[in-house]
Amino acid sequence: MTDWVLLGLIAALVVLLLLTVFGFVVYSGLFTEVVVSAGSPPVGNMTLAYKFRVGPYGESGQLFTDGCSISSKLCSIGVYYDNPHTVSPEKCRFAIGRILSEGDEKPSEEQIKRFQKYGFKIFSFPAPSHVVMATFPFTTPLSIHLAVNRVHPALDTYIKERKLCAHPRIEIYKQDRIYFVCPLARQGDFYVPEMKELERKSRAAAAVAEDAQTDITGVDTMSETSSISMEATTDSRDTSVATSILLPLPGSRGREEADNRSEHSYSESGASGSSFEELDLEGAGDGEGAPGLLPDVGYAGSQEVTDKWTKEPIAAERGEE
């Protein structure tokens, strides 16, 4: 009888433990509906103290801890520039920090010096005009993991279906809510200086590589054209010599046939050149579109596997201007 009582107590404890864990997970937001919308942002302009890193997003936890240890009363913020599904973890770029002030409020000099003492840098974000956004309850540390696994896929689906250009991903931890904000315009304004510098170097390297590829292509084209010309000239000479020996009087026919073949080769080169010009014109036409939206043609192929959160390369340039 004693054994049955003991087993009953153990079973009751296990059930209570499972119910407690289940209740904790539910309280953390397990069944919270994720609603994504586009419109006015929930935040205005802000000044933040941040640290910039290149590496796995999992390393952001330590940066959050660093900011909280300096001032636990301020709100945390994370800015993620790359899509972790398409960019290798060691190349992901992000900035983590604390919001020093919002709106017309100015951060105190004491706060600024305190954060700078521990390696944080100061930067200001303007108030975004239009954003894609979502919220999630921030009731327990588990809420962060649930939010990351539930909100980001919902944002991806919303942005993809509407073919929007919304980046970077900004997470703001404010009281008992996590705000996910993706600017739809002037995305370059939300690039910290280190990110802008990396983008500038990346564009410069891409331009050098493109120039080198163009030079190589040009040399190959000239070589092929020269080879065709030399072959045509050789055929012309051989034909001329042969016809001059066999048919002294009508020897000019061989030269005319060789000239015709040579002219035909040049006309093929001209046709190829005109086709490339047409492709360039078509490519230029596809590049135009409404601000904040991606062209329909470019989206289907490149947008789904973009390295950034639907980021356009010229976003940083717009912000600098």
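Before we go on, a word about what you're looking at. This is a predicted model, in which local features need pLDDT of at least 70 and side-chain atom pairs count only at pLDDT 80 or more, while totals for chains, interfaces and linings use all residues. Residues are numbered from 1 along each chain as its sequence is written, and side-chain values use heavy atoms, with hydrogens and water left out.

## The overall picture

The chain has eight helices and eight strands; helices (H or I, at least four residues) and strands (E, at least two) are DSSP runs, numbered from the N terminus. Look at the contacts with a separation of 6 or more: 75% of them involve residues 24 or more positions apart. Contact here means heavy atoms within 4.5 Å.

## Inside the cores

A nonpolar core is a set of buried Ala, Val, Leu, Ile, Met, Phe, Trp, Tyr and Cys residues joined through side-chain atoms within 4.5 Å. The largest one has 26 residues, and those with the most contacts inside it are Val-36, Val-132, Phe-136, Val-151, Leu-155 and Phe-180. Who supplies this core? H2, S4, strand S6 (131-137), helix H4 (141-162) and strand S8 (177-183) each give at least two residues. H4 provides the largest share, six residues.

Leaving out residues up to four places away in sequence, Val-36 touches Val-132, Met-133, Ala-134, Ala-154, Leu-155 and Tyr-158. Apart from this core lies another, of 22 residues, including Ile-77, Tyr-81, Phe-125 and Val-181.

## A closer look at H4

H4 has 22 residues, and from its first C-alpha to its last it reaches 32 Å, close to the 32 Å expected at 1.5 Å a residue. The expected span is 1.5 Å times one less than the number of residues in the helix. Still, H4 has a kink of about 35°, centred on Ala-147; the bend at a residue is the angle between axes fitted to the seven residues ending there and the seven starting there. Ala-147 is also one of the buried residues of H4, along with Ser-143, Leu-146, Val-151, His-152, Leu-155, Tyr-158 and Ile-159.

## Charged pairs

The structure holds 10 salt bridges, each being a side-chain nitrogen of Lys or Arg within 4 Å of a carboxyl oxygen of Asp or Glu. Here are three of them.

| Pair | N to O distance |
|---|---|
| Asp-66 and Lys-51 | 3.8 Å |
| Glu-199 and Arg-93 | 3.1 Å |
| Arg-114 and Glu-110 | 3.3 Å |

Asp-66 sits in helix H2 (residues 60-70) and Lys-51 in strand S2 (residues 46-54), so their bridge ties together parts that are 15 residues apart in sequence. Asp-66 is partly exposed at 22% relative accessible area, whereas Lys-51 is buried at 14%.

Glu-199, in helix H5 (residues 193-246), and Arg-93, in strand S4 (residues 93-102), link distant parts of the chain, 106 residues apart. Both Glu-199 and Arg-93 are buried.

Arg-114 and Glu-110 are four residues apart in helix H3 (residues 109-117), so about one helical turn separates them. Arg-114 is partly exposed, at 30% relative accessibility, and Glu-110 is exposed, at 56%. Bridges that share partners also join Asp-82, Arg-93 and Glu-199 into one network.

Most residues other than glycine have a negative phi, and most peptide bonds are trans. Which two residues does a cis peptide bond join? They are His-167 and Pro-168, with omega about -10°. Pro-168 is in the loop between H4 and strand S7 (169-174).

Positive phi values turn up too. Lys-163, which follows H4, has a phi near 55°. Gln-175, in the loop between S7 and S8, has a phi of about 55° and is exposed at 73% relative accessible area. Arg-186, in the loop between S8 and H5, has a phi near 50° and is exposed as well, at 52%.

Note on methods. Buried means under 20% relative accessible area, exposed over 50%, partly exposed in between (1.4 Å probe, protein chains only).
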